[in-house]
Amino acid sequence: QLMTRKQRAEEILWGTLTDVLYRHGDMLSREEVKRRRERMERRARAMEAAAARGEGGGMSTIAEDSDEDDSNSWAQTANSFEDDASTKGSTAGGSAANTATSGNEVGSISQGQFRRMVGRAILESEIDLEGDELRCLEEPAVWGSHSNTTHLSASYLYPEQALPRYSDPVLALRILVDCLTKLKRLDDVEQYLSEDLDREIRRVAECEQAKTFARLERHRGRAAGGEESDEEGDNMKVFRFHLNNLLKAFGGIMTRYLHLAQILRHKICSDPILKQMCPSYPVPASALHSLLVNAETAMQREIKGFISACIAESDKPKDKRNSRRHNMSMDQSQLDVERGIFSLGIHGGNPEEGVSWKKVSRANIVELPSGQFVSEVLFPRTNTDPEVRHALTFRRNISRWSHEISEGRRELAMCSGEDTSAPMYNNPVEEGALIYMDNIIQRTLLPEMQDEAVNAVIHFLERPDAFDPIANDVFTRYPHHTVQVEAEMSVACQALYTSTRPIFMALHRLPTGGEMYLSLVTMLEHAMLTFISRMKQRVGEVCQGKAAFSLLEDQRGSPTPLSQSMERRKAFTLLQRIYNDEFDVDDAAATAEPTQIGNILPLAPSENDTRSRRAALGAADGKGSFERELSHLAVLTKFNEPMSFETSTLCSDEELMKASCLANSLLRVASLLEEQLRSRAGGWEKSSKIKAIRDLESAIKTIRFHGLRVAKFCRMEMLIQTARRMSEICMSSVLQAEDAVRLPTCVNNLGEYLATSSDNIREAGGNAVAAYTFSSLEQYIPHYLMQTCRIMAGGKKPITLNGIEALDRTGSVLYRDLKGATSFENSFWSEEDAANSFEMSAIFISLMESSQKDLENHYRGNPNQFSDTDYQLMFAFNGPRRRGDPRRFNLLKSKMKTERGN
């Protein structure tokens with residue numbers, strides 16, 4: 001009987017050890033769950049009956065020691081690397097471990113060094129197993145003493161015998177090691193666990209497959225019921241979910257194996273007698289080393305099976321794979337009937353073949369190997385195909401898992417004094433999942449991505465319409481032209497973004513600074529430099545030889561003072577804010593290219609930037625910004641005769657559309673590439689210090705710099721076209737008309753040009769480029785109109801009252817036309833600037849028809865409204881209602897000065 005009891009005890013210990021390591025207690029059958037629910041219902045009824053009689057005090061013990069899954073099973077322990085409460089320095093488990101306060105302090109200190117290992121307090125504490133068992137057996141007798149009040153016996157409330165249970169796997173392992181030591185079976189731990197290792201690992205994988213399959217069935221039912229599924233739009237979410245759960249389960253098992261090895265090594269090394277009783281461990285500090293290696297190998301094999309099925313390449317095209325998937329959903333009997341032209345409906349195969357296929361796909365689906373589960377369940381259910389690119393989706397999680405496993409083994413070796421230079425550590429092991437995946441990425445995926453990136457960019461750059469605008473039918477669908485127009489990028493810019501986006505995504509999933517990482521950066525830089533070379537050529541074709549470009553840059557390519565003044569305007573800042581994040585704009589930064597001198601904002605803000613400076617970007621133009629810009633445009637205000645430009649130096653409507661499309665495409669692709677490069681999830685702060693990344697950022701800045709160059713060119717072209725048409729007003733004969741008031745022909749031409757250009761630029765370059773192109777015209781058109789008045793006042797040709805009325809109407813008509821051309825969403829039109837500028841021009845025109853007395857009164861009331869030069873010009877002007885006398889202005893000015901002095 002003693003031998004039988006000993007054998008039974010050993011069986012219980014080995015079974016409990018396996019349950020603790022693989023957490024079999026979490027996988028309860030439906031019958032067990034049903035029995036637990038019925039038992040808890042009986043307890044609840046007993047407590048209600050006792051409370052009704054006012055005798056609920058004796059039932060508190062029952063309520064506290066509930067047998068629910070959440071309190072008395074290992075399911076409450078998180079299935080991760082930090083899943084054990086004891087690894088945090090605590091001694092959960094109540095009376096199972098009699099630990100002193102000093103032991104807790106030692107455990108916390110040890111935990112600070114080895115956060116994945118068991119604290120020293122757990123290892124060195126003494127456990128009174130017999131005392132714990134006696135206390136647990138005495139508790140049902142105590143509860144039974146209340147039977148006279150509760151009318152329920154302990155055997156009814158607790159059908160199973162009350163035995164000690166521990167919710168912490170670390171304490172359970174510590175107790176089991178002590179029990180095996182008492183039974184002198186500590187030497188057989190490695191042999192026993194190695195026998196069922198592969199089968200238990202496979203069982204864990206099957207459990208995760210069952211969970212994933214159940215999740216798929218639930219979402220399938222929701223989709224059939226019309227509910228939206230979480231997996232819509234992200235077919236790889238199911239794969240990531242399954243892999244993450246598999247890694248968590250394997251990580252928890254490996255952690256418990258490490259804790260078992262640590263406890264066992266400490267037990268043997270601390271007792272010289274046990275060293276002699278355990279010949280299977282010649283080196284106690286390396287006990288269970290082979291078991292750990294085999295466990296990790298089995299886990300790596302399961303993970304590799306999953307990965308190899310996900311990234312398997314097929315030589316069949318997608319349409320054939322889709323048809324095969326459709327055929328798999330058909331009934332097998334139908335396939336048998338239609339097989340062969342001479343079948344005549346006769347089944348040529350096994351009649352049980354279709355039934356067996358259905359049984360495998362439904363009843364025994366969780367028992368499929370990992371690769372077969374992926375290929376026959378996950379891919380058909382998610383309507384996806386195996387691709388090599390999927391390796392990048394899983395690499396980061398597998399890398400973290402592999403790092404945690406290696407760090408756990410390293411900490412185990414350090415805390416147990418294991419010699420890592422022993423020959424057993426140099427034995428070749430099976431290739432790990434991470435190395436297997438990296439080899440596939442480096443051998444297959446990277447060459448494929450490089451070929452797609454470089455060849456696709458070169459292919460689209462060689463097209464004659466590489467940078468031409470793409471037709472947009474938004475103006476046909478929305479005739480009022482007030483909607484937000486999102487112009488498409490040119491085909492070359494689209495090719496650059498779409499071909500490099502997978503590389504950017506791969507860049508953030510690979511180890512920073514590694515060989516594959518630098519290889520991807522080199523691919524990106526090569527593709528961008530190829531694009532930049534053709535882009536510069538295209539910018540030269542669009543801008544070189546034009547009058548607008550000669551005003552912005554000199555012959556050496558350096559920006560002129562006019563170009564620098566344009567960069568200090570509010571419109572330029574708003575343009576950059578549209579194409580970049582608000583916090584990436586800095587109003588005092590250097591130019592994008594080191595060889596240029598200007599105020600183009602960089603991609604990243606300066607380190608000493610403050611929130612107040614960034615908030616000031618949305619303010620109005622600085623004082624005198626328009627005057628500074630206007631001082632460099634004197635060539636556009638010489639209206640003594642119509643401005644003559646060679647036709648080749650001005651842009652046609654088609655050329656202006658191409659320029660606006662080029663500006664929008666370059667700015668958008670630079671913004672998109674910057675967003676991909678500066679992904680926070682990819683660790684931008686760390687990778688930005690690498691020289692290759694800085695070179696890549698410099699290439700993106702170059703693209704953005706040229707986009708801003710072309711945008712400034714479009715704005716300057718619009719100013720020149722407006723000035724050229726308004727210079728014809730002073731030569732119009734309607735200013736000398738006596739019979740009627742008529743508008744100059746050039747005014748109508750200008751209105752039509754503004755409306756047509758607005759639609760063309762918005763269609764080719766979008767609202768942002770159109771808004772910047774038409775910015776400040778509400779200030780320039782009144783200024784050009786006042787310049788026309790100055791020329792007429794100082795010229796030899798007379799002007800009639802009808803001519804002055806024509807000038808006044810010209811201002812009103814141009815205000816209406818300009819507002820109509822800029823009345824689209826996100827326009828830079830400034831109502832305040834327009835009102836002030838057109839009001840000033842209207843007052844200036846009214847001075848030409850005033851009498852001499854009215855002119856003097858106006859000067860007395862508003863001496864600073866116009867400059868002294870303008871007032872002197874008006875006093876000398878021979879108008880319809882006065883004769884000019886410049887001396888009266890000097891006398892009036894002296895008289896006013898004398899009056900102010902008195």
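In this predicted model, Asp-438 has a relative accessibility of 15% and therefore counts as buried, since the class covers residues under 20%. The residue belongs to helix α21, which spans residues 433-461. When residues up to four places away in sequence are set aside, Asp-438 touches Arg-395 and Met-516.

Attention now turns to the aromatic side chains. Across the whole structure, a search finds 16 aromatic pairs. One of them joins Phe-626 and Tyr-780: the ring centres are 5.1 Å apart and the planes stand at 75 degrees, so the pair is edge-to-face, an arrangement assigned when the planes are over 60 degrees apart. Phe-626 is located in helix α29 (residues 625-631) and Tyr-780 in helix α34 (residues 777-794), so this pair ties together parts that lie 154 residues apart in sequence. Both Phe-626 and Tyr-780 are buried.

A further pair is formed by Phe-866 and Tyr-871. Here the ring centres are 5.9 Å apart with the planes at 75 degrees, and the pair is therefore edge-to-face. Phe-866 is buried, as is Tyr-871. These two residues also belong to a cluster linked by ring pairs, whose members are Phe-844, Tyr-859, Phe-866, Tyr-871, Phe-875 and Phe-889.

Another arginine, Arg-725, lies over the face of Tyr-753, at 4.1 Å from the ring centre.

Technical notes. Residues are numbered from 1 along each chain as its sequence is written. This is a predicted model: local features need pLDDT of at least 70, side-chain atom pairs count only at pLDDT 80 or more; totals for chains, interfaces and linings use all residues. Side-chain values use heavy atoms; hydrogens and water are left out. Helices (H or I, at least four residues) and strands (E, at least two) are DSSP runs, numbered from the N terminus. Buried means under 20% relative accessible area, exposed over 50%, partly exposed in between (1.4 Å probe, protein chains only). Contact means heavy atoms within 4.5 Å. Rings of Phe, Tyr and Trp (its six-membered ring) pair if their centres lie within 6.5 Å; planes under 30 degrees apart count as stacked, over 60 as edge-to-face and the rest as tilted. A charge sits over a ring if NZ of Lys or CZ of Arg is within 6 Å of the ring centre and within 35 degrees of the ring normal.
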